[in-house]
Amino acid sequence: PVSAPTNLLRPNLDSDNGNGPVSSPVSAPTNDNDDDAEDDIHETNTEIDVAASTTETSESVPKSTPEDQSSPETTTNVDQSTPEETTNVDQSTPETLTSVDQSVPEETTTNVAESTPDETKAAAAMGIDNGPAAKSGYRVSGSSGQCTYPGPIIRLKRGVKHGLFLKGGSEETNLHLHGLHIKGYGNGDNNHRFVKGSDNMLVYDIDLPADQHMGGTHWYHSHIHGNTWEQVQGGAFGMIIIDDNGHPVGTEDANVLEFLRTSKHEKVLIIDDSKKSNSYTANGMESEVLEFVQNQWYRLRILTVGVDAHTSGINVIFDDYDADACHIHAMAHDGIFRFEVPRPHTVKEYPLTTASRLDVAIRCKQDIVIKVNGQQIVEVRTSEEEEAEEGTPYPGGSTASWKSARLEYTKNLTSENAEETMKLRVDETNINGVSQASHKPMCNKNTKGDFQYGTIQEWKFSGVNTHPFHVHVYPMQVVSDGCGPNHDKGEFYDTILAPESSISKPCIVRLYFVD
């Protein structure tokens with residue numbers, strides 16, 4: 001399905017009495033056709049609530065909850081740390097994690113157990129701490145207290161089959177798993193489904209075969225037609241991280257793999273304007289601090305969420321006052337590695353959309369600030385208290401880029417023949433004059449019917465300057481210069497904003513409709 005313009009991404013989703021739901025483990029859905037499933041695809045299930053923030057309790061829920069997968073259960077429920085463990089959570093760092101460890105390959109499903117104090121504190125160092133209360137939002141099932149925004153980070157693993165259970169609230173709602181290359185029908189990323197009421201839930205089948213899905217940074221948000229904007233504006237969004245889980249990325253260099261796989265090298269920055277028009281927060285806070293070890297490389301995962309109807313672009317600037325204070329190199333756009341990783345030269349200004357993800361490799365020798373549309377929202381503080389960890393984005397510690405491994409849906413299409421071409425005029429409220437309110441599908445203009453599986457499409461955009469264009473499931477490769485300055489020619493993105501595009505200079509992209 002193609003997302004028709006609705007300015008991005010409400011419910012007062014009160015699913016309990018304010019003390020948090022009491023939930024029992026949820027059985028994984030059975031599939032009578034799974035007898036021939038691949039042996040190397042393991043399953044794991046995670047349950048989250050949709051609920052309103054409440055004022056009946058002042059307890060704040062720590063959202064860093066690493067899960068111990070030691071208990072071989074066939075059902076799964078995400079539990080929270082005990083109060084004693086909660087006191088050990090370091091809340092000075094702004095990131096959140098709901099990680100699922102597939103360390104026991106012979107199990108088809110795994111139980112998520114309580115974390116120890118050390119595990120909880122370690123996860124907090126790389127996860128978002130308690131953010132402000134959300135009008136609408138999510139929390140891990142079984143936790144008490146308020147829903148906060150951003151919502152909990154959902155960590156998934158490449159090569160693993162996941163089950164995500166979304167419990168209902170007082171209004172209809174659902175999830176869009178933005179950026180994931182999974183089925184868009186049935187119990188997949190199907191935004192035509194919804195759930196309401198705390199006794200009901202939606203099941204999301206998130207199957208990530210290693211040969212059909214890359215690791216990367218994505219996000220989830222409410223996508224209930226008619227209420228999407230209100231719910232996301234209330235806080236119903238969060239980040240998804242898919243770990244490569246040991247599968248090929250394009251290099252076997254130990255330095256690079258250490259950098260990509262070690263949590264000590266990861267930082268998260270979620271930028272949004274959901275609380276005030278033309279004013280941004282970082283990880284739910286007006287002023288955020290990221291702690292860096294001096295001269296250590298980090299993978300900074302950035303998500304931008306915009307709900308202001310009058311803002312189409314989000315400009316992120318690394319302002320270091322000194323040209324040599326930091327090295328900042330783009331690694332991935334919208335959850336997909338660049339063809340050459342990292343980008344050879346430093347770039348300190350990134351024009352992004354209201355639904356972008358950007359991974360950068362960053363190393364700083366002194367403090368800097370990060371600004372969004374001119375507003376300072378982050379201070380990066382460097383410290384010499386620790387030695388820099390091993391691991392760099394470059395093979396052998398050099399400064400040479402490496403070529404990323406590609407899957408069929410992200411292969412280079414620039415030299416391929418496009419079976420079909422189509423022109424698209426994207427305005428704030430319509431595509432080719434057809435508004436989202438009409439509830440009409442975007443058909444193949446050439447055949448007046450469905451698009452065909454296995455075809456390479458070439459689409460030529462004009463007017464994509466007020467509302468970004470996003471296709472569920474399938475990313476787009478930019479193949480012309482008319483998509484600047486937000487996009488680099490030759491790279492893949494799943495959300496397009498092309499303020500310089502026109503009929504005479506269109507933004508041209510290609511899509512490959514394959515699994």
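**A chat about loops, disulfides and a sheet**

Me: Where is N283 found?

Reply: N283 sits in the loop between β13 (279-282) and β14 (288-293). Keep in mind that this is a predicted model.

Me: Is N283 buried or exposed?

Reply: N283 counts as buried, because its relative accessibility is 0%.

Me: What about D334, what is its phi?

Reply: D334 is not a glycine, and yet its phi is positive, at about 50°. You'll find D334 in the loop between β17 and β18 (336-337). D334 has 2% relative accessibility, so it counts as buried.

Me: Let me zoom out. How many helices and strands are there in the protein chain?

Reply: The protein chain has four helices and 33 strands.

Me: And how much of the chain do buried residues make up?

Reply: Of the 515 residues in the protein chain, 59% are buried. As for surface, the chain exposes about 20200 Å², and 45% of that comes from carbon and sulfur atoms.

Me: Switching to cysteines. How many disulfides does the count come to?

Reply: The count comes to two disulfides. With bonded cysteines counted along the chain, their pattern is 1-2, 3-4. In general terms, a disulfide is a covalent bond between the sulfur atoms of two cysteines.

Me: Take C326 and C364. How far apart are their sulfur atoms?

Reply: The sulfur atoms of C326 and C364 are 2.0 Å apart, and the two residues form a disulfide. This pair links distant parts of the chain, 38 residues apart: C326 belongs to strand β17 (residues 326-333), while C364 belongs to strand β21 (residues 357-364).

Me: Which hand does the disulfide of C326 and C364 have, and why?

Reply: The disulfide of C326 and C364 is right-handed, because the torsion about its S-S bond is about 110°.

Me: Do C326 and C364 count as buried or exposed?

Reply: C326 counts as buried, with 2% relative accessibility. C364 also counts as buried, at 1%.

Me: Now C483 and C507, what do they form?

Reply: C483 and C507 form a disulfide, with 1.9 Å between their sulfur atoms. C483 is in the loop between β30 (476-478) and β31 (492-493) and C507 is in strand β33 (residues 507-512), so the pair ties together parts that lie 24 residues apart in sequence.

Me: And what's the torsion about the S-S bond of C483 and C507?

Reply: The torsion for C483 and C507 is about 95°, so this disulfide is right-handed. C483 counts as buried at 0% relative accessibility, and C507 is buried with a relative accessible area of 0%.

Me: What about the peptide bond from G484 to P485, cis or trans?

Reply: The bond from G484 to P485 is cis, with omega near 0°. P485 lies in the loop between β30 and β31, and that loop also holds C483.

Me: β31 again! In what order do strands form the open sheet with it?

Reply: Five strands make up that open sheet, in the order β25-β28-β33-β30-β31, and the pairing is mixed. β25 (420-425) and β31 each have a single partner strand and stand at the edges, so one side of each has no neighbour in the sheet.

Me: How many bridges join β25 to β28?

Reply: Six bridges join β25 to strand β28 (residues 456-462), and the two run parallel. E420 stands opposite Q457 in β28.

Me: Last one, a helix. Where is Q233 found?

Reply: Q233 is in helix α3 (residues 228-233). Q233 is buried, because its relative accessible area is 17%, under the 20% cut-off.

Me: And which residues is Q233 in contact with?

Reply: Leaving aside neighbours within four places in sequence, Q233 contacts K135, S274, K275 and V307.

Note on methods
Residues numbered from 1 in each chain as written. Predicted model: local features only at pLDDT ≥ 70, side-chain atom pairs only at ≥ 80, totals over all residues. Heavy atoms only, no water. Disulfide = S-S within 2.5 Å. Buried < 20%, exposed > 50% of the residue type's maximum accessible area, 1.4 Å probe, protein only. Areas by Shrake-Rupley, 256 points an atom, 1.4 Å probe, with all protein chains shown as cover. Contact = heavy atoms within 4.5 Å. Pairing = 2+ DSSP bridges.
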